[in-house]
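Dear colleague,

Here is the structure I promised to pass on, with its sequence. Please have it open while you read my notes, which follow below.

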Amino acid sequence: MVAPGKRMLSEQVYTHLRNAIMRGDYAPGDALKPQDIAKEQGVSLAVVREALVRVVGEGLADRLPNRGFAVPAFSDRRWQEIAEARRTIEPVVLRMSIERGDVDWEARVRAAHHRLARTPAFVPEEGEHYSDAWSEAHRVFHRTLLEGCGNPVLLETFDRMWTASELARRWAAQRSRDRDAIGEHRRLEEAALARDADTAAEVLAQHLTLTAAALTGVGGDV
């Protein structure tokens, strides 16, 4: 059994590492050296390793055989694989959500879309990266669409894929702003609330295809 103090320290180091990677404090492919992190955070190696394992589990770091831990390299193939997984799984889960979701789910979808539509994607003080507020509203909207499925295992799968693709999206944030993301999200909301599973799944698949293109420099934003 893990002692409460160690668990709290591990949580703190995990949060620090996760935020640092998402902010871009580490470049793609950078090593995550347990000894350096332990010294910086004033904790034991065991605490750091436990936190690193969690970060690896989220797809924000790789565990390399005999080489420790590292931030994922910026590989187009990697992000295309993540996008392929999302295109395969999310439209299916969305269909389930539309079939099973109740009136409370509909209300949450409408509210999540309203917040996303009213939140600026870019703010001057946060530079060229998407604003933290918009990124969170974006995640909540996409997750809420799928929550009607009622299957926590599928939602956990979504969470992991989202985190991994979110890192890539942040790295690619400056490539283009030409895409009509507002219109895509509006069509997703409309199709879901109309209980039009075929259209909703098609719109989501197209949305994710454009996302994959954005992450390899072919298209626009997520």
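In this predicted model, helix α5 (residues 103-118) packs against α6 at an angle of about 160 degrees, and the axes of the two helices are 9 Å apart. Because angles over 145 degrees count as roughly antiparallel, α5 is roughly antiparallel to α6, and the crossing in which α5 passes α6 is left-handed. On the α5 side the residues that meet α6 are Trp105, Arg108, Val109, Ala112, His113, Arg115 and Leu116, and their partners in α6 are Trp134, Ala137, His138, Val140, Phe141, Thr144, Leu145 and Glu147. Sorted by class, this contact has 9 nonpolar, 3 polar and 3 charged residues.

The other pairing of α6 that I looked at is with α7. The axes of α6 (residues 132-147) and α7 (residues 152-171) come within 11 Å and cross at roughly 150 degrees, which makes α6 roughly antiparallel to α7, while the crossing of α6 and α7 is right-handed. From α6 the contact draws on Asp132, Trp134, Ser135, His138, Arg139, His142, Arg143, Leu146 and Glu147, and from α7 on Leu155, Phe158, Asp159, Trp162, Glu166, Arg169 and Arg170. Here the residues divide into 5 nonpolar, 3 polar and 8 charged.

As background, an α-helix has 3.6 residues a turn, so residues three or four places apart point the same way.

Within α6 I would point you to His142, which has a relative accessible area of 2% and is therefore buried, given that buried means under 20%. Leaving aside residues up to four places away in sequence, His142 touches Phe158, Trp162, His185, Leu188, Leu204 and His207.

Two loop residues also deserve a look. Glu58 sits in the loop between α3 (45-57) and β2 (62-64), and, again leaving out residues up to four places away in sequence, Glu58 touches Tyr14, Arg18, Arg160, Thr163 and Ala164. Of these, Arg18 is 40 residues from Glu58 in sequence, and the C-alpha to C-alpha distance between Arg18 and Glu58 is 9.2 Å. With a relative accessible area of 31%, Arg195 is partly exposed.

Finally, for the chain as a whole, the secondary structure comes to 9 helices and 3 strands, arranged along the sequence in the pattern α-β-α-α-β-β-α-α-α-α-α-α. Of the 222 residues in the chain, 45% are buried. Among contacts between residues at least 6 apart in sequence, 72% join residues at least 24 apart.

Technical notes
Residues are numbered from 1 along each chain as its sequence is written. This is a predicted model: local features need pLDDT of at least 70, side-chain atom pairs count only at pLDDT 80 or more; totals for chains, interfaces and linings use all residues. Side-chain values use heavy atoms; hydrogens and water are left out. Axes are lines fitted to C-alpha atoms, for helices over the stretch in contact, and angles run from 0 to 180 degrees between N-to-C directions. Helices (H or I, at least four residues) and strands (E, at least two) are DSSP runs, numbered from the N terminus. Angles under 35 degrees count as roughly parallel, over 145 as roughly antiparallel, 65 to 115 as roughly perpendicular and the rest as oblique. A crossing is left-handed if the near helix is turned anticlockwise from the far one by less than a right angle, and right-handed if clockwise. Contact means heavy atoms within 4.5 Å. Ala, Val, Leu, Ile, Met, Phe, Trp, Tyr, Cys and Pro count as nonpolar, Asp, Glu, Lys and Arg as charged, and the others, Gly among them, as polar. Buried means under 20% relative accessible area, exposed over 50%, partly exposed in between (1.4 Å probe, protein chains only).
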